[in-house]
Amino acid sequence: MNKNIIKTLALTSAFCFAMCSCANDKKQSASTQTNSPANNSSAQALIDETENSYKLVNYKTLDNIPYLYDIKNADDGGFYALSADTYDSEAEKTITKPFLYKISSDFSDIKKIEFELPEQAENADDLYTNLFFNKNGDVAVYYVFFDNGGMKEPDEYDENFNYEAFFNNQKSTHALCFYNTDGTIKKFIDIDSIISEDVDPQTLDYASNAEMIDSDNVIVFLGDELPYIIKSDGSCQKFEIPSEYTENFTPTLITGSDGNIYLRTEAMNSDYTSTKTEIHPIDIETQEIKDPVYTEETLRFGGYGGNYFTEGYDDYLFLSVTEEEVIGIKADGTTEHIFNWLEADTTSLNFIYAGNDEFYCWDTNYEMYEDDKAPSLQIYKLVRREPGELANRQFITIASFGTNPLNTYICKFNREQDKYRIQSVNYSSELTPEEMNDKSPEALAEKSDEDYNKLKLDIVAGKCPDILMLGRTDTELLGKKGALLDLYTLMDNDTEINRDTLLPNILRSLENSKGNLYSITPNFTVSTLIAKKKLVDHDNWTLQEMTDLYDKMKDASMRYTSMDKQQIFDILINSDSSLVDIENSECHFDTPEFIDLLKFCNKFVDTVEYPDKENEEDYEKYYRDMERQYIDDQSLIENIVLSGDRDLVYDKAFFGDAELSLVGYPTSNDKGGKLMTDYEFSIGANSAAKEGAWEFIKMILKASAGDNDDDGRSMLGYGYSVLKDKFDKQINSMSKLHDYDDDGNLIETTSINSHGMKINVLSKEELESLKNYILNCDTYINSLDADAYSICYEEAGAYFQGEKSAEEAAKMMQNRISLIVSEKS
């Protein structure tokens, strides 16, 4: 593997600061998630920042309305909005009239406006509709009429039904209806008769992104992903868009607060690391795309980033909505910060301006999917806080880099009690023009280091945030230097979460040699290796046992060819978590065991060979062999992650339902399973809000354990809970699986079908054995920093290429990484 590629992978993947999340935007939020940590040096400064912020309050529940979308301010007051009647599967089989809601300005009166169906809808076997409207209440509906040619699709899935023949037989026709204000059809337009014959009729089945120009004109993207202007007189004209605006993404239409229609375009830069968004006025009559009124360049890796644009209000032509904030865009292209979601104690919601400096907000009510509950929608309001409302709160700071992954929990914590308030401090700085031009992985890694150094400087200056989310190496370093609080000082006085309620192996893994606990994680997974029990009759093996098995199994043709040298090295370097001992400032790369590991990796191929896709026979044979590599004993081990979700069941299927041994990474101490975590939480040693910080961390631990989830899981992290009772619940839950029967009903089952075999879930005895294996795991997978990983890959690569011996490569790793560890310690 190319050394530069190896170094790039190390730089981009091994940055151990777990809180680095989303890519940085050029445009940073002017919010309480401030980029200037020094501004957060006093509680009063934090209070001042949120003094005039918004807060989320309950307003009204709308019964029998599951959701609202595409809501617009009506010119005559109130709002227009789209929705759906019901999620009743029986009702979905009935063709219903399209409709629009007219909602009063205070949501007290909601009127449903239904629109007449054309006669073609009555004769159709199935129907698709898409309703377009504007703030004047002008409406047009796009129709797709399906003719199944005499075939009837089963109501539920039927494995004996020929679905391919059904869809090949199905035909569709298309129409657009303009409507009068009373809901009657004003004009029926046969789309198939006015669209060019060059367009495939099937591409017309779904109309995307449309804007209602007026009561007689609509512009809509159809067929070949270009917009058409369709008039009620039956004329149709394609709106040509230059290729420079369509090369990366399909443009979208948006109406401004001035009532005019604009075109939003987005293009990737030459190295695909940033996007430039522009909003252009368009002239419908002349088809002119004018110079943009707004331009935004952001560092994002794909598709429209994390923001969207919607119609503005008052002086704002548009609103730009991100996960963090809402920004007003004026006609001259200037912007103003309007509000921050986190300040309002909520993550981003659907919203619309309510007037009087207030907003209505709502989100989909997912409970409507449960137990046939009648749908309802909770409406909230964003209103300004009263002066001094937060004066009696104790502020707790939490460090983040970019968007804080804990925002949902921060909002929940801030809403549900009135003693503390979490404030996110963003150490991620704004990208300079030079950095926007140079977005190489090396440059981004360097910037990440610079941002992290800001945090370290704050810690040295006595301005450490109250809560930190660190990786293993950083926790050990800061704990060693006395910058972190021993969590046992809080835990031992807590009746809810303490040594007796947490898994002992997790506590052992996080403690230092003196028994101090500087961090806690809400959940964990176990990375390990598995092999057939007939080949290895026990869990946890040594490197010598692994080497002997590979030497013995000469008929296993893929044992050295399914991975290359670097790939197997990347796996096995995790076997010894003591390669770098941060606490004692030591490295152990020049041991006989590590040298033997390098020699074992060198038995693998230099490059994995893949079949030529042009040779269909070889290509299919290759993937048939790959599918059966474990079943037929051609490959010997598989790297898996135990996470509490059907552990070992699908792995048994890959091995032909054979009995498996959790051999783990090769070690000499029976600790072959390696712990992995997404988040570790620490508290600054000198925090003035230790108790409040601990209350927040407790909430995270309980939320991640899934107190409100039947399966004991949540969105915070992936894996097993560190709480004993929740961990036991997860283990026991794997005695059954949830699956769908032939009728689409969710059922409990105790087996799956794979490769023509019935694979049973783990038995009670097997689950107990799995549980014991996990509880025996108390060492972490290696968390070398980017520099150390880069050195390991470089030196190992030199050995694999014959440039030096294994002993020389190990010695170079030892010397070079020892210097790094010494500098950081």
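User: Is Gln 287 buried or exposed?
Analyst: This is a predicted model, in which local features need pLDDT of at least 70, side-chain atom pairs count only at pLDDT 80 or more, and totals for chains, interfaces and linings use all residues. Residues are numbered from 1 along each chain as its sequence is written, and side-chain values use heavy atoms, with hydrogens and water left out. Buried means under 20% relative accessible area, exposed over 50%, and partly exposed in between, with a 1.4 Å probe and protein chains only. Because its relative accessibility is 17%, Gln 287 counts as buried.

User: Which backbone nitrogen does the side chain of Gln 287 reach?
Analyst: Gln 287 lies in the loop between β16 (275–283) and β17 (288–289); strands (E, at least two residues) and helices (H or I, at least four) are DSSP runs numbered from the N terminus. Leaving aside neighbours within four places in sequence, Gln 287 is in contact (heavy atoms within 4.5 Å) with Gln 237, Lys 238, Phe 239 and Glu 240. At 3.1 Å, the side chain of Gln 287 reaches the backbone nitrogen of Glu 240.

User: Which residue of β7 is the bridge partner of Asn 130?
Analyst: Strand β6 is joined to β7 (residues 139–147) by 8 bridges, and the two run antiparallel. In β7, the bridge partner of Asn 130 is Tyr 142.

User: How is α15 oriented relative to α21?
Analyst: Helix α15 (residues 592–601) packs against helix α21 (residues 786–800) at an angle of about 55°, with their axes 10 Å apart. Axes are lines fitted to C-alpha atoms, for helices over the stretch in contact, and angles run from 0 to 180 degrees between N-to-C directions. Angles under 35 degrees count as roughly parallel, over 145 as roughly antiparallel, 65 to 115 as roughly perpendicular and the rest as oblique. The angle therefore makes α15, relative to α21, oblique.

User: Which residues of α21 make the contact with α15?
Analyst: On the side of α15, the contact is made by Leu 598, Lys 599 and Cys 601. From α21 come Ala 796, Tyr 799 and Phe 800.

How values were computed: A polar contact is a pair of N or O atoms within 3.5 Å; within protein, one must be able to donate a hydrogen and the other to accept it, and residues adjacent in sequence count only if both atoms are side-chain atoms. Two strands pair if DSSP finds at least two bridges between them.
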